[in-house]
Amino acid sequence: MNQNTFVKLIDPVKDKIYRLALRLLTSREAAEDATQDVILKLWSRNDKLNHYANLEAFAMTVTKNHCLDQLKLKQNNNLKIVHSNYDSKENNQHQQLEISDELDQVNKILNALPEQQKLIFQLRDVEQYDYEEISEITQMNETAIRVALSRARKKIREELIKKHNYGIN
């Protein structure tokens, strides 16, 4: 079999070889190397390729075996069996520290608010009471509750923005 005939036989299969190698090795570089190695193995057997009923199935089997061999080799520590594109839903330590620091800042700002605003903010935004219930608890008009809540939120927002923009302007 000459080179042109071999290329015509392998060309439709090489993308499938690469995708299988990429699935098993999870590294593009390793998958490209494996694809080249498999094609070289097939070229070394080019005189026997005509005897196979399904060349694509044979190429996939060779690819699978080659990739599994690569994963078993001790020298290929950079290859991973698990996918590296896994995103953890859990926050890392840095994110947890930032969230904790942000909550501490909000608590400091809340403690500096007038008692009435602090109470209304706690009841509405933390405890999730509706305005009628807050009105019954505080003996205040619903409009006054809305105004106090708006002022509390505005103060918290302004203080957090000031803290985040410190040193930027």
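Predicted model: local features only at pLDDT ≥ 70, side-chain atom pairs only at ≥ 80, totals over all residues.

At what angle do α4 and α7 pack, and how far apart are their axes? The angle is about 130°, and the axes are 10 Å apart. Axes here are lines fitted to C-alpha atoms, for helices over the stretch in contact, and angles run from 0 to 180 degrees between N-to-C directions. That makes α4 oblique to α7. On the scale used, angles under 35 degrees count as roughly parallel, over 145 as roughly antiparallel, 65 to 115 as roughly perpendicular, and the rest as oblique.

Residues are numbered from 1 along each chain as its sequence is written, and side-chain values use heavy atoms, with hydrogens and water left out.

Now the overall layout. The protein has 7 helices and 0 strands, and along the sequence the pattern reads α-α-α-α-α-α-α. Helices (H or I, at least four residues) and strands (E, at least two) are DSSP runs, numbered from the N terminus. Of the 169 residues in the protein, 27% are buried. Buried means under 20% relative accessible area, exposed means over 50%, and partly exposed is in between, with a 1.4 Å probe and protein chains only. Contact means heavy atoms within 4.5 Å. Among the contacts with a separation of 6 or more, 60% are between residues 24 or more positions apart.

Back to α4 and α7. Their crossing is right-handed. A crossing is left-handed if the near helix is turned anticlockwise from the far one by less than a right angle, and right-handed if clockwise. From α4, the contact uses Glu102, Gln105, Val106, Ile109 and Leu110, and from α7 it uses Lys155, Ile156, Glu159, Leu160, Lys163 and His164. Sorted by class, these are 5 nonpolar, 2 polar and 4 charged residues. For the classes, Ala, Val, Leu, Ile, Met, Phe, Trp, Tyr, Cys and Pro count as nonpolar, Asp, Glu, Lys and Arg as charged, and the others, Gly among them, as polar.

Next, α7 by itself, which covers residues 142-164. At 1.5 Å a residue, its 23 residues should span 33 Å, and the end C-alpha atoms are 33 Å apart, which agrees. The expected span is 1.5 Å times one less than the number of residues. Which residues of α7 are buried? They are Ile145, Ala148, Leu149, Ala152, Ile156 and Leu160. Their cover includes α4 (93-112), α5 (115-126) and α6 (131-138).

That brings us to α5. Its 12 residues should span 16 Å at 1.5 Å a residue, and its end C-alpha atoms are 15 Å apart, which agrees. The buried residues here are Gln117, Ile120, Phe121 and Leu123, and what covers them includes α4, α6 and α7. Take Gln117 as one case. Why does Gln117 count as buried? Its relative accessibility is 14%. Leaving aside residues up to four places away in sequence, Gln117 touches Ala148, Arg151 and Ala152.

Two loop residues come next. Gln128 is in the loop between α5 and α6, and its phi is near 65°, a positive value in a residue other than glycine. At 59% relative accessibility, Gln128 counts as exposed. Gln139 is in the loop between α6 and α7, with a positive phi near 60°, and is likewise not a glycine. Gln139 counts as exposed at 69% relative accessibility.

Last, the other end of the chain. Helix α1 (residues 3-25) and helix α3 (residues 55-72) pack at about 30°, with their axes 9 Å apart. That makes α1 roughly parallel to α3, and their crossing is right-handed. The residues in contact include Leu9, Ile10 and Val13 of α1, and Ala59, Met60 and Cys67 of α3. By class, the contact of α1 with α3 has 13 nonpolar, 2 polar and 3 charged residues.

One more residue in α1 is Gln3. Is Gln3 buried or exposed? Gln3 is exposed, with a relative accessible area of 55%. Its C-alpha atom is separated by 9.1 Å from that of Asn46, 43 residues apart along the chain.
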